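Please open the model in your viewer and keep the sequence panel beside it. The tour below goes from one selection to the next and says what is there at each stop.

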Amino acid sequence: MRLPLLALLANGPAHGYELKHALQTLLGAAYPQPNVGQIYVTLGRLEKAGLIVGEEIEQPDRPNKRIYRITEAGREAVSAWFGDATVAPRVRDEFFIKLALASRAGAASQIALINKQRRHYLKAMRELSRLAASQDRDNRVAHLLIEGALLHLQADLEWLERCQEELE
(Lines give C-alpha, C1' and ligand atoms only; values in the text may rest on other atoms or scores of the structure.)
Protein backbone atom coordinates (compact mmCIF):
# COMPACT_ATOMS: atom_id res chain seq x y z
CA MET A 1 0.00 0.00 0.00
CA ARG A 2 2.95 2.34 0.65
CA LEU A 3 4.16 2.81 -2.90
CA PRO A 4 0.75 3.05 -4.58
CA LEU A 5 -0.17 5.84 -2.13
CA LEU A 6 3.10 7.61 -2.86
CA ALA A 7 2.46 7.27 -6.60
CA LEU A 8 -0.98 8.86 -6.17
CA LEU A 9 0.51 11.70 -4.12
CA ALA A 10 3.08 12.32 -6.88
CA ASN A 11 0.10 13.72 -8.81
CA GLY A 12 -0.71 16.25 -6.10
CA PRO A 13 -1.70 16.65 -2.46
CA ALA A 14 -4.64 14.69 -1.08
CA HIS A 15 -6.20 13.44 2.11
CA GLY A 16 -6.81 9.80 3.00
CA TYR A 17 -10.39 9.53 1.74
CA GLU A 18 -9.39 11.07 -1.61
CA LEU A 19 -6.60 8.50 -1.93
CA LYS A 20 -9.00 5.65 -1.08
CA HIS A 21 -11.46 6.89 -3.69
CA ALA A 22 -8.71 7.31 -6.30
CA LEU A 23 -7.55 3.70 -5.78
CA GLN A 24 -11.12 2.39 -5.98
CA THR A 25 -11.85 4.38 -9.12
CA LEU A 26 -8.63 3.39 -10.83
CA LEU A 27 -8.58 -0.31 -9.97
CA GLY A 28 -12.28 -1.13 -9.90
CA ALA A 29 -14.12 -3.70 -7.83
CA ALA A 30 -11.84 -6.65 -8.67
CA TYR A 31 -8.97 -5.26 -6.64
CA PRO A 32 -9.31 -5.67 -2.87
CA GLN A 33 -10.83 -2.45 -1.63
CA PRO A 34 -8.50 -0.49 0.62
CA ASN A 35 -9.57 0.11 4.20
CA VAL A 36 -9.44 3.80 5.04
CA GLY A 37 -7.93 2.95 8.43
CA GLN A 38 -5.13 1.07 6.69
CA ILE A 39 -4.58 4.05 4.41
CA TYR A 40 -4.24 6.46 7.34
CA VAL A 41 -1.87 4.12 9.19
CA THR A 42 0.24 3.84 6.04
CA LEU A 43 0.20 7.62 5.58
CA GLY A 44 1.44 8.00 9.15
CA ARG A 45 4.30 5.60 8.47
CA LEU A 46 5.18 7.38 5.22
CA GLU A 47 5.23 10.67 7.09
CA LYS A 48 7.52 9.26 9.81
CA ALA A 49 9.81 7.94 7.08
CA GLY A 50 10.04 11.43 5.54
CA LEU A 51 8.42 10.36 2.27
CA ILE A 52 5.42 12.66 2.72
CA VAL A 53 4.49 15.64 4.87
CA GLY A 54 1.07 16.25 6.35
CA GLU A 55 -0.61 19.55 7.04
CA GLU A 56 -3.76 20.17 9.07
CA ILE A 57 -6.36 22.13 7.13
CA GLU A 58 -9.07 23.90 9.12
CA GLN A 59 -12.65 23.43 7.98
CA PRO A 60 -15.25 25.75 9.50
CA ASP A 61 -18.21 23.35 9.63
CA ARG A 62 -16.36 20.06 9.88
CA PRO A 63 -13.44 18.51 11.69
CA ASN A 64 -10.02 19.52 10.40
CA LYS A 65 -8.53 17.30 7.73
CA ARG A 66 -4.93 16.39 7.06
CA ILE A 67 -3.60 16.89 3.55
CA TYR A 68 -0.49 14.99 2.51
CA ARG A 69 2.19 16.05 0.03
CA ILE A 70 5.00 13.92 -1.34
CA THR A 71 8.58 14.93 -0.49
CA GLU A 72 11.62 14.67 -2.73
CA ALA A 73 12.57 11.44 -0.95
CA GLY A 74 9.06 10.18 -1.69
CA ARG A 75 9.43 11.05 -5.38
CA GLU A 76 12.72 9.15 -5.44
CA ALA A 77 11.04 6.12 -3.84
CA VAL A 78 8.26 6.20 -6.47
CA SER A 79 10.80 6.54 -9.26
CA ALA A 80 12.81 3.59 -7.90
CA TRP A 81 9.59 1.52 -7.58
CA PHE A 82 8.67 2.11 -11.21
CA GLY A 83 12.27 1.39 -12.20
CA ASP A 84 12.38 -2.01 -10.50
CA ALA A 85 10.96 -5.21 -11.96
CA THR A 86 8.16 -6.78 -9.93
CA VAL A 87 8.48 -9.93 -7.86
CA ALA A 88 9.61 -13.04 -9.71
CA PRO A 89 7.13 -15.84 -10.38
CA ARG A 90 5.85 -17.29 -7.15
CA VAL A 91 7.91 -20.21 -6.02
CA ARG A 92 6.79 -20.11 -2.41
CA ASP A 93 3.23 -21.08 -3.14
CA GLU A 94 1.26 -22.28 -0.11
CA PHE A 95 -0.79 -24.73 -2.16
CA PHE A 96 2.35 -26.32 -3.58
CA ILE A 97 3.77 -26.76 -0.07
CA LYS A 98 0.51 -28.46 0.99
CA LEU A 99 0.65 -30.68 -2.08
CA ALA A 100 4.28 -31.61 -1.44
CA LEU A 101 3.68 -32.42 2.22
CA ALA A 102 0.26 -34.11 1.97
CA SER A 103 1.43 -37.67 1.42
CA ARG A 104 4.41 -37.35 3.75
CA ALA A 105 2.23 -36.03 6.59
CA GLY A 106 -0.53 -38.53 5.81
CA ALA A 107 -2.97 -35.70 6.34
CA ALA A 108 -4.61 -35.47 2.92
CA SER A 109 -4.76 -37.02 -0.51
CA GLN A 110 -2.81 -35.07 -3.11
CA ILE A 111 -5.55 -35.64 -5.69
CA ALA A 112 -8.21 -34.45 -3.23
CA LEU A 113 -6.15 -31.30 -2.63
CA ILE A 114 -5.84 -30.72 -6.38
CA ASN A 115 -9.59 -31.17 -6.88
CA LYS A 116 -10.41 -28.80 -4.03
CA GLN A 117 -8.00 -26.19 -5.38
CA ARG A 118 -9.45 -26.60 -8.89
CA ARG A 119 -12.96 -25.92 -7.56
CA HIS A 120 -11.65 -22.85 -5.77
CA TYR A 121 -10.00 -21.51 -8.95
CA LEU A 122 -13.11 -22.18 -11.05
CA LYS A 123 -15.28 -20.35 -8.52
CA ALA A 124 -12.87 -17.41 -8.56
CA MET A 125 -12.99 -17.36 -12.37
CA ARG A 126 -16.81 -17.27 -12.34
CA GLU A 127 -16.78 -14.39 -9.85
CA LEU A 128 -14.23 -12.45 -11.89
CA SER A 129 -16.20 -13.05 -15.09
CA ARG A 130 -19.37 -11.70 -13.43
CA LEU A 131 -17.40 -8.73 -12.16
CA ALA A 132 -15.99 -8.06 -15.63
CA ALA A 133 -19.48 -8.08 -17.10
CA SER A 134 -20.71 -5.55 -14.54
CA GLN A 135 -17.62 -3.31 -14.68
CA ASP A 136 -17.65 0.13 -16.31
CA ARG A 137 -16.35 -0.49 -19.85
CA ASP A 138 -14.46 2.82 -19.86
CA ASN A 139 -12.20 1.76 -16.99
CA ARG A 140 -9.53 -0.03 -19.03
CA VAL A 141 -7.21 -0.43 -16.02
CA ALA A 142 -9.87 -2.33 -14.06
CA HIS A 143 -10.61 -4.54 -17.08
CA LEU A 144 -6.92 -5.29 -17.57
CA LEU A 145 -6.64 -6.20 -13.89
CA ILE A 146 -9.54 -8.65 -14.20
CA GLU A 147 -8.16 -10.06 -17.45
CA GLY A 148 -4.74 -10.58 -15.86
CA ALA A 149 -6.29 -12.33 -12.86
CA LEU A 150 -8.31 -14.60 -15.18
CA LEU A 151 -5.21 -15.48 -17.19
CA HIS A 152 -3.31 -16.32 -13.99
CA LEU A 153 -6.16 -18.54 -12.86
CA GLN A 154 -6.23 -20.25 -16.25
CA ALA A 155 -2.50 -20.95 -15.97
CA ASP A 156 -3.00 -22.22 -12.41
CA LEU A 157 -5.70 -24.61 -13.65
CA GLU A 158 -3.41 -25.91 -16.37
CA TRP A 159 -0.68 -26.43 -13.77
CA LEU A 160 -3.11 -28.37 -11.57
CA GLU A 161 -3.85 -30.65 -14.54
CA ARG A 162 -0.13 -31.22 -14.94
CA CYS A 163 0.23 -32.01 -11.23
CA GLN A 164 -2.63 -34.47 -11.36
CA GLU A 165 -1.16 -36.24 -14.41
CA GLU A 166 2.19 -36.62 -12.61
CA LEU A 167 0.76 -37.74 -9.29
CA GLU A 168 -1.90 -40.25 -10.39
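Begin by selecting Glu127 and Lys123, which form a salt bridge whose closest N and O atoms are 3.8 Å apart; a salt bridge here is a side-chain nitrogen of Lys or Arg within 4 Å of a carboxyl oxygen of Asp or Glu. Both residues lie in helix H6, 4 residues apart, which is about one turn of the helix. Helices (H or I, at least four residues) and strands (E, at least two) are DSSP runs numbered from the N terminus. Glu127 is partly exposed at 39% relative accessible area, and Lys123 is partly exposed at 46%, where buried means under 20%, exposed over 50% and partly exposed in between, with a 1.4 Å probe and protein chains only.

Before going further, note that this is a predicted model, in which local features need pLDDT of at least 70 and side-chain atom pairs count only at pLDDT 80 or more, while totals for chains, interfaces and linings use all residues. Residues are numbered from 1 along each chain as its sequence is written, and side-chain values use heavy atoms, with hydrogens and water left out.

Next, select Arg118 and Glu161, whose side chains meet in a salt bridge with an N to O distance of 3.0 Å. Arg118 lies in helix H6 and Glu161 in helix H7, so this pair ties together parts that are 43 residues apart in sequence. Arg118 counts as buried at 15% relative accessibility, whereas Glu161 is partly exposed at 36%.

Now move to Glu56 and Arg66, a salt bridge in which the closest N and O atoms are 3.2 Å apart. This pair links distant parts of the chain, with Glu56 in strand S1 and Arg66 in strand S2, 10 residues apart. Glu56 is partly exposed, with a relative accessible area of 45%, and Arg66 is partly exposed at 25%.

Which residues of H3 are buried? They are Val36, Ile39, Thr42, Leu43 and Leu46, and they cover an arc of only 120° around the axis, which puts them on the same side of H3; the arc is that of the directions from the helix axis to the C-beta atoms. These buried residues pack against helix H1 (2-9), helix H2 (16-27), strand S1 (52-57) and strand S2 (65-70), contact being heavy atoms within 4.5 Å. On the other side of H3, Arg45 and Lys48 are exposed.

The last helix to select is H5, residues 94-105, with 12 residues. Its buried residues are Phe95, Leu99 and Ala102, and, seen down the axis of H5, they fall within an arc of 55°, so they line one face of the helix. They pack against helix H6 (110-134) and helix H7 (140-167), while Glu94, Arg104 and Ala105 are exposed on the other side of H5. Just after H5, Gly106 takes a positive phi of about 65°.

Finish by selecting Phe96, Ile97, Leu101 and Trp159, which form a nonpolar patch on the surface with about 360 Å² of accessible area together. Such patches join nonpolar side chains (Val, Leu, Ile, Met, Phe, Trp, Tyr) within 5 Å and like charges within 9 Å, from residues with over 30% relative accessible area and no salt bridge; the areas come from the Shrake-Rupley method with a 1.4 Å probe, and for residues only the protein chains shown count as cover. The largest share of this nonpolar patch, 3 residues, comes from H5.

Technical notes
The expected span of a helix is 1.5 Å times one less than its number of residues.
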